[in-house]
Amino acid sequence: MKALALFFAISLLALPASAEKVTPLFASLDPIDITITGPVTRIIQKAASSTDPLPATLTIGEETHSIELSARGNSRRRPEACTFPPLRVRLSAAPPEGSLFRKQKALKLVTHCRAQKAFQQHTLLEYAAYRMYNEVTEASFRVRLANVRYVDSGSGKLVAEKPGFFIEDADDVAARNGLKELEAGALAIDQHDAAAAARAVLFFHMIANHDWSMLAGPEGGCCHNGKLLGASKTTTAGLTYLPYDFDYSGFVDTPYAAPPDDFGISSVKTRHYRGACALNAAVTAAAPQFRARRAAIEEAIRTTPGLDRKSVDRAVKFLDGFYDDIEDEAAIAKLVKRCR
């Protein structure tokens, strides 16, 4: 626990000037320390069957906020995958001026999944994946690392103290980019902004993530593991796909992750290119940006607090295969030939 406290004491640099419109919680990369007190044990025990919100509190420094706390997600709520579910934190009242949580209403909190130390590394790798995409585009979710103490209000006992991270709300990502979050049914690929879609495709290929779709999602809507941004809430073209949820990627490599049955691969760590053929020109045009940002992308991994040396080295090494695939024009031409 002393080592955990130490790495959360490490201060990182603030986000670049381009992120000035970020809300206070996501305006810095400095890890925070928070305590969540509530019916934590009950939420854990009922996670597989219930996402009902229950009253709790969130404390940071001298501030205590009344919140509603609930389990969220799909696969991670299954006990065979995780014994600690991801959480949703909804603030019961608007935080005052000067609060780090000012302008926040509902937040996703990514948790540690299981108590074993290795699962903390998976949490931190997923955090790093978000940071890596931040280095490619502002149209990406900001994240804030936290050391979270979970206290059960019934027993007064400390249930866990583990790293986790908050994910920026999609509306705030949209506002930073002069766009609006929108809902849509199933889409055609030409309804997407080609450059934004190409960036997402290459990012997914970089982290070997196969668990996504920018065309369709649950119950006939769009999209799977992504939000949509557009010029207005009713626009139907020039859409920006906003990726999230990377625990099934080869980069994070959680024990419960498995590749889709119809991909012909046996491991999530095997890259399987999924770009649409209609995006070939845009993917080719986007590849130099990923090459130019390689050092910054790798630095996002190396500067993730709490990632041990073995995890860092393995994660950076994992990117080699991706950069081989986009090494030059000949390599990228070979890659996009695998398009769908």
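**Reading the terms in a predicted model**

Author: Cys 223 lies in the loop between β10 (221-222) and β11 (226-230), where strands are DSSP runs of E with at least two residues, helices are runs of H or I with at least four, and both are numbered from the N terminus. This is a predicted model, in which local features need pLDDT of at least 70, side-chain atom pairs count only at pLDDT 80 or more, and totals for chains, interfaces and linings use all residues. Residues are numbered from 1 along each chain as its sequence is written, and side-chain values use heavy atoms, with hydrogens and water left out.

Reader: What is the peptide bond from Cys 222 to Cys 223 like?

Author: That bond is cis, with an omega near 20°.

Reader: Why is Asn 225 called buried?

Author: Buried means under 20% relative accessible area, exposed over 50%, and partly exposed in between, with a 1.4 Å probe and protein chains only; Asn 225 has 7% relative accessibility and therefore counts as buried. Asn 225 is also found in the loop between β10 and β11, and has a positive phi of about 55° although it is not a glycine.

Reader: What makes Lys 103 exposed?

Author: Its relative accessible area is 56%, so Lys 103 is exposed. Lys 103 sits in the loop between β4 (87-91) and β5 (106-110), and its phi is positive, about 75°, although Lys 103 is not a glycine.

Reader: How do you know that the radius of gyration agrees with a compact globule?

Author: The radius is taken over C-alpha atoms, and the globule rule is 2.2 Å times the number of residues to the power 0.38; for 340 residues a compact globule would have a value near 20 Å, and the protein chain has 20 Å, so the two agree.
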